[in-house]
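Please look over the sequence and the fold below.

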Amino acid sequence: MKLDQEKKQELLKSASQVRQWAYVPYSNYAVGAALLTASGRIYDGVNIENAAYPVTICAERVAIFKAVSNGERDFQAIAVVTRNGGMPCGSCRQVMAEFSPNMAVIVADENENVVSETTLSDLLPGAFRSDSLV
Ligand code: THU
């Protein structure tokens, strides 16, 4: 389903606004994410760091896990906002692929300038998925 301009702006705004709640005392690199489900709801998320560094979780996964724990598994798009338009990491791409391999991924900087607009299948071609487990 094509993402209309209005929904895209709403997602970007949501990702940008939630970014203030990022818990980033170690990297000082705040990330905000907003996930649009097939049912039309938006779940947001921020990165949450930890003194034991690897325990940190990315904003994208927080948004996705919030959605999944509310019964949602089908995603249309995710918007990710950082100060410089950084791309989603490999682990987050893998989690997206589990649920919605064709979802749209929109990446923007802190002024909500879109630096990349693509699909997950372009970002993670040939993903390992449930059908690999035969
Ligand atoms: N981070 C995200 O939240 N999403 C990504 O896709 C890449 C990295 C976070 C993790 C850590 O808190 C900070 O950015 C620096 O790596």
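Predicted model: local features only at pLDDT ≥ 70, side-chain atom pairs only at ≥ 80, totals over all residues.

Residues are numbered from 1 along each chain as its sequence is written, and side-chain values use heavy atoms, with hydrogens and water left out.

**Salt bridges**

A salt bridge here is a side-chain nitrogen of Lys or Arg within 4 Å of a carboxyl oxygen of Asp or Glu. The rule gives 4 salt bridges.

| Pair | N to O distance |
|---|---|
| Arg-41 and Glu-72 | 2.8 Å |
| Lys-66 and Asp-44 | 2.9 Å |

Elements are DSSP runs numbered from the N terminus: helices (H or I) have at least four residues, strands (E) at least two. Burial follows relative accessible area: buried is under 20%, exposed is over 50%, and partly exposed lies in between (1.4 Å probe, protein chains only).

Lys-8 is buried at 11% relative accessibility. Glu-117 is partly exposed at 44%.

Next comes the salt bridge of Arg-41 and Glu-72. Arg-41 lies in the loop between β1 (32-37) and β2, and Glu-72 in the loop between α2 and β3 (75-81), so the pair ties together parts 31 residues apart in sequence. Arg-41 is partly exposed at 49%, whereas Glu-72 is buried at 8%.

Then there is the salt bridge of Lys-66 and Asp-44. Lys-66 belongs to helix α2 and Asp-44 to strand β2, 22 residues apart. Lys-66 is partly exposed at 35%. Asp-44 is partly exposed too, at 24%.

**A nonpolar patch**

Which residues form the nonpolar patch on the surface? They are Tyr-23, Tyr-26, Ile-48 and Tyr-53, with about 450 Å² of accessible area together. Patch residues have over 30% relative accessible area and no salt bridge; nonpolar side chains (Val, Leu, Ile, Met, Phe, Trp, Tyr) are joined within 5 Å, like charges within 9 Å. Areas come from the Shrake-Rupley method with a 1.4 Å probe.

Tyr-53 is in the loop between β2 (42-46) and α2 (59-68). Tyr-53 is exposed, at 56%.

**The second largest pocket**

This pocket holds about 160 Å³ of space. A pocket is an open set of points on a 1 Å grid, where a 1.4 Å probe fits, with protein on both sides within 12 Å along at least five of seven lines; lining residues have an atom within 4 Å of a point. The lining has 15 residues, and Tyr-29, Val-31, Asn-47, Cys-58 and Glu-60 lie nearest the centre. By class, 8 are nonpolar, 5 polar and 2 charged.

**Two positive phi angles**

Most residues other than glycine have a negative phi. Asn-28 has a positive phi of about 55° although it is not a glycine. Asn-28 is in the loop between α1 and β1, and is exposed at 55%. Glu-112, also not a glycine, has a positive phi of about 60°. Glu-112 is in the loop between β4 (104-108) and β5, and is partly exposed at 27%.

Key
Points joined across faces, edges and corners; volume = space filled by probe spheres on them. Nonpolar A, V, L, I, M, F, W, Y, C, P; charged D, E, K, R; others polar.
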